[in-house]
Amino acid sequence: MIKANNPNLKSWVEVPAHSDFPIQNLPFGIFKTRYLAPVAGVAIGNHVLDLVYLHENGYFDGLGLPVGLFNQKYLNDFLSLGKSRARDVRERISELLQQDNDELQANRAAREIALIPMEEVQMQMPVRIGNYTDFYSSEEHATNVGTMFRDPKNALLPNWKYLPVAYHGRASSIVVSGTPIHRPKGQIKLPDAELPIFCPSRKLDFELEMAFITCGETKLGSSISTKDAEDHIFGFVLFNDWSARDIQNWEYVPLGPFLGKNFGSTISPWIVTMDALEPYRAKGPEQFPHVLPYLAVDGEKNFDVMLEVLIQPDKGETTSVCRSNFKYMYWNVNQQLVHHTINGCNIQDGDLYASGTISGASPGSFGSMLELSWNGQRPLHLTNGVERKFIEDGDTIVMKGHCEKEGVRIGFGECKGKILPAL
Ligand code: CA
């Protein structure tokens with residue numbers, strides 16, 4: 001049992017009811033303020049705990065952490081220490097924040113420097129992402145897309161239940177929540193037209209996903225087994241894989257996604273550790289036909305994370321358009337990472353692996369506008385009579401996620417982005 005996950009723990013830092021960041025969460029991120037360059041922090045209630053201050057003032061003595069570990073604009077060096085060292089740091093932070101611990105609580109000056117109100121910080125990219133892979137692991141999503149784009153009778157391609165399908169994406173255009181995205185331009189071939197045209201996308205979409213971030217580099221030529229896979233999964237973020245369906249539809253054959261995807265993806269800023277999600281493990285869907293032995297896993301490898309997508313038109317009211325759950329994934333993160341390295345592909349600290357769109361079985365749980373509006377055939381009705389087939393300029397898309405059990409709520413904060421007109 002990870003001590004920091006004890007549901008009975010209480011912090012001396014005030015944590016409002018329904019906060020995403022109780023003492024049982026303690027996610028890691030990178031923040032800056034008017035006075036501080038980007039540094040590492042941990043979220044607690046409505047505050048950010050400055051890890052540089054704690055490290056420099058002896059609160060992590062005995063953990064053997066390298067000098068300057070947290071005084072950096074990315075968490076990559078921290079991740080390179082491996083999961084068990086990161087666990088020690090999270091356990092120590094938990095200790096310092098517990099209500100019966102006086103070390104920081106009783107030192108008013110230290111407390112006031114170390115705890116910064118969230119409204120005073122600006123969250124940054126938590127890691128320097130070297131490599132980004134996007135899976136396609138929700139059976140419901142793959143079936144919906146296959147039905148619309150190809151053939152309802154053969155919606156899933158023959159390989160789909162044998163391996164977690166994926167493509168290598170673009171790392172440079174992944175941005176942190178709050179960063180606006182311009183509508184992409186590209187080649188589109190309209191259904192009745194003979195030739196393609198070049199114009200702004202008319203079918204701009206979101207994809208509701210989660211992504212895991214790896215730690216513990218491996219050597220080129222080596223593989224990760226299902227037994228060891230979770231030692232390399234540091235934590236999770238929410239992920240919006242913005243997609244231009246019309247560009248995608250014309251370009252994707254035969255090599256897969258390209259400009260319909262690489263103009264931007266948004267992540268939530270706090271990395272919720274896999275350790276913090278331990279109490280929320282869930283059984284995944286039954287896998288049949290049986291997977292090949294190298295993909296066979298024991299126990300619960302899915303996670304019960306409730307997900308939601310909201311749309312806010314410019315100056316308009318927010319409407320919730322989708323509720324889904326990470327536990328619906330057919331292929332779990334363990335199998336995704338194992339499959340990724342089975343050919344000898346190496347992984348690096350800070351790589352990002354997205355789940356693919358997370359759709360459930362009911363229409364209200366579909367994780368993209370493509371599915372929710374069934375490729376524009378059934379417009380969505382938002383608050384105040386507003387309709388949407390796809391995303392319009394000025395719309396803000398917000399994704400949220402949280403786990404809840406025994407009165408403890410572990411949340412991910414927000415993954416938010418506004419669409420601006422094409423440049
Ligand atoms: Ca995707």
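Author: Helices (H or I, at least four residues) and strands (E, at least two) are DSSP runs, numbered from the N terminus. Residues are numbered from 1 along each chain as its sequence is written, and side-chain values use heavy atoms, without hydrogens or water. The model is predicted, so local features need pLDDT of at least 70 and side-chain atom pairs 80 or more, while totals for chains, interfaces and linings use all residues.

Start with the backbone. Most peptide bonds are trans, and most residues other than glycine have a negative phi. Look at P289 in the loop between β18 (281-282) and β19 (302-303). A cis peptide bond joins F288 to P289, with omega about 0°. Now look at P254. The bond between V253 and P254 is cis, and omega is about 0°. P254 sits in the loop that runs from α6 (245-251) to β16 (265-267).

Next comes phi. L26 has a positive value, near 55°, and is not glycine. L26 belongs to the segment before β1 (28-32). Is L26 buried or exposed? The terms are set by relative accessible area: buried is under 20%, exposed is over 50%, and partly exposed lies in between (1.4 Å probe, protein chains only). L26 is buried, at 0%. E406 also has a positive phi, near 50°. Find E406 in the loop between β25 (396-405) and β26 (408-420). E406 is exposed, with a relative accessibility of 63%.

Now the rings. Rings of Phe, Tyr and Trp (its six-membered ring) pair if their centres lie within 6.5 Å; planes under 30 degrees apart are stacked, over 60 edge-to-face, and the rest tilted. The structure holds 14 aromatic pairs. One of them joins F366 and W374, with 6.4 Å between the centres and 40° between the planes. This pair counts as tilted. F366 is buried, at 8%. W374 is buried too, at 16%. Elsewhere, ring pairs link F28, F60, F70, F78 and F234 into a cluster.

A cavity is a set of points on a 1 Å grid where a 1.4 Å probe fits but cannot get out, and lining residues have an atom within 4 Å of a point. Points join across faces, edges and corners, and the volume is the space filled by probe spheres set on them. There are 2 cavities of 30 Å³ or more.

The largest cavity holds about 50 Å³. Its lining is K301, N302, F303, F326, M329, W331, N332, V333, Q336 and S355. β19 and α8 (333-341) each supply at least two of the lining residues. Ala, Val, Leu, Ile, Met, Phe, Trp, Tyr, Cys and Pro count as nonpolar, Asp, Glu, Lys and Arg as charged, and the others, Gly among them, as polar. The lining of the largest cavity has 5 nonpolar, 4 polar and 1 charged residues.

The second largest cavity holds about 40 Å³. K83, A86, R87, R90, F234, T273, M274 and D275 line it. F234 is also a member of the ring cluster. α3 (83-97) and α7 (274-277) each give this lining at least two residues. The largest share, 4 residues, comes from α3. By class, the lining has 3 nonpolar, 1 polar and 4 charged residues. Domain bounds come from an automatic or database assignment. Domain 1 (3-123) and domain 2 (132-420) each provide at least three residues of the lining of the second largest cavity.

Notes
On a 1 Å grid over the protein atoms alone, a cavity is a set of points where a 1.4 Å probe fits but cannot get out, and a pocket is an open set with protein on both sides within 12 Å along at least five of seven lines; lining residues have an atom within 4 Å of a point.
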